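Open the model in your viewer and keep the selection tool ready.

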Amino acid sequence: MQIHYGTLELNTVSTDAVVLLVTAAHLDGPKTDFEKQVYGAARAQKFSAKPGEVAAFPTFGLIPAPHVFLIGTGNDDHLRRAAGAAGYKARELGLKSLAIFGAPEGENAAEIIATGLAAGNYRFDKYRASKDRKAKLETVHIAGTANSGAQRGLKLAEARNLTRDLVNAPPAEVYPESLAAVCESLASDTLTVTIWDADKIKSEGMGGITAVGQGSSNPARFVHMHYKPKGNARKSIALVGKGVTFDAGGLSIKSSGGMQTMRCDMAGAGAVVGAMKAVSLLQPDVEVHGIIGCVENMCGANSYKLGDILDMYNGKQVEIHNTDAEGRLVMADCLTYGDKLGADAIVDLATLTGACVVALGDYYSGLFTNAEQVAGGLSSAAAVSGEGLWRMPLPDFYKPMLKAEWGHFKNVGGRAAGSITAALFLSEFVEQTPWAHIDIAGPAFLDKTFRHLTCGGTGAMVETLYRWIESK
Ligand code: BES
Ligand code: ZN
Ligand code: ZN
């Protein structure tokens, strides 16, 4: 998509649709004859300019554009939803161009509009016959003054859409080796990529990744992406992502319904890959490590078993009480590796627990940390990005729920506080680096369309991570 700012006239602009961004106050204000007609028709449909609300009409030759969309806007978050709705509607109708009137000026607004348009216009349609695919937006003209915000927003959107593609793609396409190959494709003069195969993972002592991965004919991969800015780095941070490319549950097998969308279980790794993509496109002056553990959690003759005691990468032993609590085992080894890098902060992302979905639903990711500064930074970045991130408690005194008979801990803590005990488990694998864990099990993947995000992978936390990195 290309975005151009400039002077636009309703009566002359050549485009597939005109978008008028309006607030409730606009509806009562002075207007041109054309606006009078459109606003009147919208009122008749009970349009009240709520954020992201759309009233769409044919223009019957009153202006050159064949369609006009009246879309409700307001503050930054409302503007994001309005732009998202414009992008969504355009894709529904297969429109290639839009002309937007009523957009606020400034870099911040331009960035919001670009990311919103792209998020709404996104569809995963590469598996559809070409005749069933709707055209994407190619050109958007916006009435206003040009600035760098739109180009920055388009780059963030490109990174986020990469994550959405990876999460949406079927597990036959995205498996440990192919996910690692996508990471490798990001390599450049500022970004190096190191990949360990299953033998190396085992010989290095990563007992968690090895055990979870051994039940599949698609062997595990461990990936370390390392971005170093050309100049001096102000800070160094590490991102860690859960890359379970399919979670069947292992021998503690899931129900068919519970397994249906478990290709999304690599969304944490997907978010890390998306953030690294954003980093490579925008080149911040912060050193960034992206670490992902990629496995398929399958049920097979070689699967790890209940009662197994794993030797983890940090030397602790874990007793297996449920093979479906596999994410924390993979993450544990990745966190130990990340902790050794001496970064200023480490943040992990995982579709870790169903309990987090029960607690917070599809809009909020859970934030678990005792590092106040990291909590503050991530929360601000999420607010700027319009993403839901809700702080959860991480009390030490729940740790006894993980106490084991024959190892240091069990891999499950029982039904109560399931997302908290999972986070406490992870905390045992970070010793020296300020650390935060984000459980994205709800927002990473939508079963049905929400606002301007079509169902499926959402690219949750990609924008938040990038803005947090830049704010360091
Ligand atoms: N990948 C799942 C968590 C999940 C559930 C992600 C729903 C997205 C949507 C995870 O590996 C899992 O199965 N967790 C178990 C843990 C339990 C066995 C302690 C769960 O949440 O039921
Ligand atoms: Zn699982
Ligand atoms: Zn899982």
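**Stop one: a loop residue**

Select Glu53, which sits in the loop between helix H2 (33–44) and strand E3 (54–58). Helices (at least four residues) and strands (at least two) are DSSP runs. This is a predicted model, where local features need pLDDT of at least 70, side-chain atom pairs count only at pLDDT 80 or more, and totals for chains, interfaces and linings use all residues. Residues are numbered from 1 along each chain as written, chains are lettered from A and ligands numbered from 1 in written order, and side-chain values use heavy atoms, without hydrogens and water.

Now show what Glu53 touches (heavy atoms within 4.5 Å). Leaving out residues up to four places away in sequence, the contacts are Lys46, Phe47, Ser48, Leu70, Ile71 and Gly72. The Glu53 side chain reaches the backbone nitrogen of Ser48 at 3.2 Å.

**Stop two: ligand 1**

Select ligand 1 and the residues around it (a heavy atom within 4 Å). Of the 15, Lys254, Asp265, Asp324, Glu326 and Gly354 come nearest.

- Asp265: a polar atom lies 2.8 Å from a ligand 1 nitrogen.
- Asp324: a polar atom lies 2.9 Å from a ligand 1 oxygen.
- Glu326: a polar atom lies 2.8 Å from a ligand 1 oxygen.

Notes:
Polar contact = N/O pair within 3.5 Å; in protein donor to acceptor, adjacent residues only side chain to side chain.
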